[in-house]
Each structure stands twice: as C-alpha cells, then as structure tokens.
Amino acid sequence: PQAPRVFSSLIHTIDTVMAHVSRNLDENSLPLAVEGSSSVADYAVVKMHPQTLNVSHYRFPSRGQSFISIPSEAFHGKAWITIVGLLYHNMHYFFHNINPMDTKIAEAAAYKGYMISASSYLISIKVEPLPKLSYNLSGSPLITIQLTHKLTPRQYSQALNKSNRVHLYCAFLDYSNGTGVWSNEGCVRESGDLNHSVCLCNHLTNFAILMQVVPLKLTREHQVALSSITYIGCALSIFCLTITLVTFAVLSSVSTMRNQRYHIHANLSFAVLLAQVLLLTSFQFSPATLPCKILAILLHFFFLSAFAWMLVEGFHLYSMVIKVFGSEESKHLYYYGIGWGCPLVICVISASSSLDSYGESGNCWLSLEDGAIWAFVAPAMFVILVNIGILIAVTRVISRISADNYKVHGDANAFKLTAKAVAVLLPILGSSWIFGILAVNAHALVFQYIFAVFNSLQGFFMFLFHCLLNSEVRAAFKHKTKVWSLTSSSTRNINVKPFNSDIMTGNRPGTTPTKLNTWDKSTNSANRIDLSAV
C-alpha cells in the first residue's frame, strides 16, 4: 500500500534533480546534446538555441512509440533552451490499485470503488525557461504526448470483456500540495485505442495513462426481470426435482427402474436440486461474511457435481448407443468417482489455494477478478464440449436408424422421435450453458434472458423428460398403482403378473407384436445397438 506514495516521492526527487541539472549546465560546453538509454529509463539532456531547431517539433525520445512532442513555436523569443527528459521503463508497475477518491480526476471519482492503475510508461520532461503554451486546450501551441499502453494480462482481459467499460485518463503527478496526487487538469485525451493514447496538455511535468475498468450495469427493469425469472424458475425446478427424486425412490422396487441409467438421473437431479436450493439461499447473505464464503464453496462443489453427472450422462449414453465398454460394476465405480470425486478434488484444491476468492466480490460465488472463476469455468467448458461431441454422434446414429426404419416399415414417426431425442438430450447434457458463455457479453442481453430461463428451469426439463414423458416411468407407475390397489383389496387370490417389457409395449403375453417398435433393435447386424438410453 505504501508503494505509490514512495515512488511518487522518488519521481518528485528525480524531477528536482532534473530541474537543477537544466539550470546549472556548464555554459562553456554549449551547445550540448546527450541522449541514451539504460535499464531504468531513456534519457536526454539538451541545451541549444531555439533557432537551431530546424524541425516543427522537438521530440523526446527521438525514437520509439512513446514520446513527448513540443512545437517549436513554443520556444520563440528564447535565447537558450534546456531540456531534460526521462522515459521510465518500470515505474508504472508501482502505481496500481489507486483509489479514485485519492486523485484529482473528477471522472474517475464518479466511479468510486473501482481502482485505477497506470497502464503506460511514465515520461517526465523539464524545459528552462518554460515554453509559451496555450492556456486553452482547444488552442495552440500545446504539448503532444503519445504513450503506448503496457497492459498486464488481467488488464487486457478486462478491457476486451465487453461487459466492462474502460476509462483511460491522461494524468500527471501533481505536487502542489506537497505529495504526489494524480490529476488530469490541463490535459485531455485526444485520440487512441486499446494499444495507445494521444494526449494534449498545456504544461510540462511527468505523465502517464491511467486505466479504470467499470462493469456495465443492467437497468433496474432488466435486473428485476432477470431476478424474477431466476426466483420463479429455481422454485419450480426445486419442486419438480423433488417430485423426480420421490418418483425414482417410490418406483425403485420395479425391475425396469433398477438400472444404471436411473441411478445417474437420480444423482444428477440431487446435485442440481441442492445447487439451486443453495443458490436461492445465498441471495439472503451479504458478501465477505463467513456464511457467504461457506455457501460459495458449497455452490462451487454442487454446480461442479451437476456438470460432472452431466458428463456421466454423456458417457453412459455413449456406452449404450455407440460403444460398450466395461462391466456394470466397474462403470458404477467410475461414474461415482467422476460425479462426486472429481468436483471434490477441484473444490479442495481451489479453496485451499485461494480461499479469499470465495464470497468476497458482490455475491456468494467465486471472484471474477483474480482468475479463481476458472476453477468452475474450465471444467464446465470441458463437459459442454465433450457432451456436444457425444450429442452429435448419438444423433447421427439415431437419424440413421430412423431412416432405415422409415425405408423398411414406412414409419414417419421415426424422424419425429429423432427430434424428440435431441430435445431430451440438450438440457441433461448441459448444452444450454452455452448461453451462459454468450450472456457474459452485456450487448447480447437476449442471451442473459435465455440463460436465466434455461438454467433456472433445468429441473423442470429433467422432470418433464425423465418422468412425465418417459414411457418406462409411466408404465412402471401404472404397474405400481395396480400392485397397490391389489394389495389393498381384500381379495387375496388374485395373481399379479410380473412386470415385464410386454406391459410397457402394450403386447399381450404369448403374442408377437404386429408392428416393429421404432426403438427396437434392427435385424440388420450393423444396427444392433441398445437405444434404451434414449
């Protein structure tokens, strides 16, 4: 915290030495021109007659992309001029996290709480006697300062993020009150881009480009709308996921429900349920508190677990439809290791290495400032990319079989079932989170709304496709209700037939189906794959 004060004092001391040098050069060695470069700075000491300046501007340093240019007309009427200049190579590194309230830059102070950092070399120049410059910044002559930006990777990333607004100020260290305070009085940024700035100033001292990054804020109406969608959608998802888990538990005694696929569905539903309950709970706590930090860690774990189980859904679908690998027991262990073990390892490493990044910046979540968010974004992106690849491969297989069934049996519903399969797979494989990536761009407000709807309603989609529209679950539920009704009946001699695939397909025992089911295995050996996962 003391670095800016120490180095501004150092620059002030160097400025004092420069002024002393410019006033006390040996007159016997005139004219004089010394220029050079060291590891610390480029430097120049010049004493000459203004009449000998045969160009329209004096430029320091004479080469490079960062320089100060003084128009020759500012030297008119001077017998001798002395110029001492320094272009510091590393001094800007020590001016970061400057509180805008500690500056004399009114525009920056309007965004209090958003720190300022030097984003260019510091350049200092002393001229004796002082050149005649225009008091008005729209007049002439004026000093022209061009400085190349020296952004850190973090600054560059923030500047490229279109959800941020970047403010660049042409500033100097003002020592009028005894200590160096950054000010932009008498300077204006005339032009430039993310790589350089051109400033006009009506005085000489030390200059730098200061950068302030301010996140763009949504209007109150959009904030309320997105918040309402999140609350309503999450509440509906929690209700639907609870029904889903209860349904799986109640029907677990039915033979067709005791398979790996429904274990995976149940674990995914459980992870998403807890993540959304914790998300709604986190809105009630203030950042930088212990409960908020704990919730941030738990949210990180359960959202990662949700993605991990989405990856397991993809792997299981791949093993069922395209390529069978491993036994049921071995896959069971692998799936639980991926679904709960991998997120736990990532969370432990992340929390132990950067605990201060949890629940500190605006909400109970990972910090976006120091790169900690990548402990969630990187695994999530990996899952999305893998599952998109699996989705494409599975869709191609389903489309091929649907086309074969249409050619052989003339079943026009095959193509409709392909479209339905894609609709079922999109939400459970995490593909809807692509909108979350697009939603980072504040100019694409529509993606923020799409993401809010898809993310908050994920539980509803899972209930819709895994329970309500799932023929296996519906058939199992019918069988279960029949068992309940028979059990409650006083008639004990009714023989309940065992539940099997004939009940699901609607065929009577001992008879053959009159029509090939769309998802039955084809007689063609090339298509002998298990599509029951879909």
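**Exercise 1.** Find the bridge partner of serine 69 in β8.

*Solution.* Start at serine 69, then cross to β8: the partner is threonine 144. This is a predicted model, in which local features need pLDDT of at least 70, side-chain atom pairs count only at pLDDT 80 or more, and totals for chains, interfaces and linings use all residues. Residues are numbered from 1 along each chain as its sequence is written, and side-chain values use heavy atoms, with hydrogens and water left out.

Next, look at the strands (DSSP runs of E, at least two residues, numbered from the N terminus). Strand β4 (residues 67–71) runs antiparallel to β8, joined by three bridges; two strands pair if DSSP finds at least two bridges between them.

**Exercise 2.** Which strand pairs with β8 over six bridges, and is β8 enclosed or open?

*Solution.* First, the strand is β12 (residues 196–201), in the antiparallel sense. Within β12, cysteine 201 stands opposite isoleucine 143. Then check burial (buried means under 20% relative accessible area, exposed over 50%, partly exposed in between, with a 1.4 Å probe and protein chains only). In β8 (residues 143–148), five of the six residues are buried, so the strand is largely enclosed by the rest of the structure.

**Exercise 3.** Locate valine 250 and decide how exposed this residue is.

*Solution.* Valine 250 sits in helix α4; helices are DSSP runs of H or I, at least four residues. Now read its relative accessible area: 34%, so valine 250 is partly exposed.
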